[in-house]
Amino acid sequence: MAGFRVLPIDSALAEEVRSTLKSPQYGHPAHVETASGYGPCRACLKQFRTGKEDRILFTYNPFENLDRYPSPGPVFIHAKACPGYSEPDQFPEELKSLPLTLEAYGENRWIIARERPAADEIERSVERLLQISGVHYIHIRNTEAGCFIAQIERDSSATESHS
Ligand SMILES: [Zn+2]
């Protein structure tokens, strides 16, 4: 079984958004509001407690350092510093109940495969996509909003033992 790693947005980038209230990649003003939807927070990958937590909306390109063709879009993080996602070898529990689309990208950001797994099929779907030759990484998107949630890579330390 090939391992995987779930990567939220970079914690330094999240900190920069909180301290400058601007998109670090684009300079557009970020917007702070009380959460009116579940999110999730792209830093800790947990859902917002609507009406109780503040969140920041900013413009983010999830393809930076992956491909020269960007796709900026809106994402949310907790307005207050939150712990980053701490179990990258597990699929985040709080994402499983959301409508998710997994997009598997190859060279030049080409989508090689796309799946919309049910909650109890997600890990199998991730592993199946990562086994496809030519797939470099997966992006998790929200099927309703289309927004980027997180990236998944193969766990290189776990694939070495494969014979
Ligand atoms: Zn958070």
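Reader: Which residues of E1 are on its covered face, and which on its uncovered one?

Author: This is a predicted model, so read each feature with that in mind. Start with the general idea. In a regular strand the side chains alternate between the two faces of the sheet. Now the case here. Phe4 and Val6 form the covered face of E1. Arg5 and Leu7 form the uncovered one.

Reader: Which strand pairs with E1, and in what direction?

Author: E8 does, through four bridges, and the two strands run antiparallel. Take Arg5 as an example: its bridge partner in E8 is Glu153.

Reader: What is the strand order of the whole sheet?

Author: The order is E1-E8-E7-E5-E6. This is an open sheet of five strands, with antiparallel pairing. Strand E1 (4–7) and strand E6 (111–115) stand at the edges. Each has a single partner strand, so one side of each lacks a neighbour in the sheet. From one strand to the next, the twist averages 25°.

Reader: How many bridges join E5 to E7?

Author: Six, and these strands also run antiparallel. E7 covers residues 137–142. Within this pair, Thr101 has Arg141 of E7 as its bridge partner.

Reader: Which helix lies across these strands?

Author: First, the general idea. An α-helix has 3.6 residues a turn, so residues three or four places apart point the same way. Here, look at helix H2, residues 122–131. H2 lies across E1, E5, E6, E7 and E8, and runs at about 15° to E5. Its buried residues are Ile122, Ser125, Val126, Glu127, Leu129 and Leu130. They pack against E1, E5, E6, E7 and E8.

Reader: Which residues hold the zinc ion as protein donors?

Author: Cys41, Cys44 and Cys82 each give SG, and His78 gives ND1. These atoms lie 2.0 to 2.4 Å from the zinc ion. Along the chain, the donors follow the spacing C-x2-C-x33-H-x3-C. Cys44 and Cys82 link distant parts of the chain, 38 residues apart. Cys44 sits in the loop between strand E2 (31–34) and strand E3 (54–60). Cys82 sits in the loop between strand E4 (73–78) and strand E5 (100–105).

Reader: What is the geometry of the zinc site?

Author: Ideal angles are 109.5 degrees for four tetrahedral donors. The four donor atoms of the zinc ion make angles of 105 to 117°, and the site is tetrahedral.

Reader: Is Cys44 buried or exposed?

Author: Cys44 has a relative accessible area of 5%, so it counts as buried. Buried means under 20%.

Reader: Where is Arg55, and what does its side chain meet?

Author: Arg55 lies in strand E3. Arg55 is buried too, with a relative accessible area of 5%. A polar atom of its side chain lies 3.4 Å from the backbone oxygen of Gly37.

Reader: Where is the cis peptide bond?

Author: It joins Gly39 and Pro40, with omega about 5°. Pro40 is in the loop between E2 and E3.

Reader: Which residue other than glycine has phi near 55°?

Author: Asn108, in the loop between E5 and E6. Arg109 is not a glycine either, and has a positive phi of about 65°. Arg109 is in the loop between E5 and E6.

Reader: Are Asn108 and Arg109 buried or exposed?

Author: Asn108 counts as exposed, at 58% relative accessibility. Arg109 counts as buried, at 13%.

Notes: Residues are numbered from 1 along each chain as its sequence is written. This is a predicted model: local features need pLDDT of at least 70, side-chain atom pairs count only at pLDDT 80 or more; totals for chains, interfaces and linings use all residues. Side-chain values use heavy atoms; hydrogens and water are left out. Donors are N, O and S atoms within 2.8 Å of the metal (3.2 Å for Na, K and Ca); water is not among the atoms, so sites may look incomplete. Four donors count as tetrahedral if all angles lie between 85 and 135 degrees; four count as square planar and six as octahedral if opposite donors are over 155 degrees apart and all others between 65 and 115; anything else is irregular. Buried means under 20% relative accessible area, exposed over 50%, partly exposed in between (1.4 Å probe, protein chains only). A polar contact is a pair of N or O atoms within 3.5 Å; within protein, one must be able to donate a hydrogen and the other to accept it, and residues adjacent in sequence count only if both atoms are side-chain atoms. Two strands pair if DSSP finds at least two bridges between them. Axes are lines fitted to C-alpha atoms, for helices over the stretch in contact, and angles run from 0 to 180 degrees between N-to-C directions. Contact means heavy atoms within 4.5 Å.
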